[in-house]
Amino acid sequence: MPALIKGKDENGVDRDIKVTPGGLAYTVDQRIIWTAKGYGYQAMATAAVAALVVRPDTTAIATIRNNSSNKALVIEEAFAHNLVAIANGSFSIWLCSHPAGMAAITNDITVRNPTNGDVAGGSETSFDNGATVNDNGWFPWGTSIHNVTITVPGGMAIAPVNGRIIVPPTGGISLSVVGGTTSITVTAGFRWFEVPVSELLLA
């Protein structure tokens, strides 16, 4: 006897599972759906900042704070563009996740570029280039970049977070760069999704 498969939507309502004309059921990357819904944003600093030659502490190169009361920031990527490079210079990205209750930060960078082609704006975040933050624990993410010859501008380091850091309402995330010399300067930024907390519930 044929069986009808149903699933619950984000509101708990039963929905029929749809298939192709040939009867094939398939799934779509959730990030594509979030992009289509207009949840995706990206932003980066406009001023280059020198790399650190020690472990980061309370000064960040780039910080995003989640100002929403009902959305979480699902971090997709962090990146740092080496604006001024030196021969045989290397650097890597470090990230620090800040829990809910983070102090407000200055919104230095006001442009938020939606990843679905909409006009800029609509994000519930602040972006500070050089914020003073709590040292909640810094960790290296991604691979390091090494410039063999002098190139201006230099390489790009990308930390593919892929949702493994989620920023709760009033929380934040900071980025810093550690390199072999302070002669390395970078402009840094993030790509993320602003997802209603209700869509991230596991039960």
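Modeller: Asn162 lies in the loop between β11 (156-160) and β12 (166-167); strands are DSSP runs of E with at least two residues, helices are runs of H or I with at least four, and both are numbered from the N terminus. This is a predicted model, in which local features need pLDDT of at least 70, side-chain atom pairs count only at pLDDT 80 or more, and totals for chains, interfaces and linings use all residues. Residues are numbered from 1 along each chain as its sequence is written, and side-chain values use heavy atoms, with hydrogens and water left out.

The phi of Asn162 is near 55°, a positive value in a residue other than glycine. Most residues other than glycine have a negative phi. With a relative accessible area of 43%, Asn162 is partly exposed, that is, between buried (under 20%) and exposed (over 50%), using a 1.4 Å probe and protein chains only.

Thr170 counts as partly exposed because its relative accessible area is 28%.

As for the rest of the model, the protein has one helix and 14 strands. Buried residues make up 40% of its 203 residues. Of the contacts (heavy atoms within 4.5 Å) with a separation of 6 or more, 85% are between residues 24 or more positions apart. The C-alpha trace spans about 70 × 40 × 30 Å along its principal axes.
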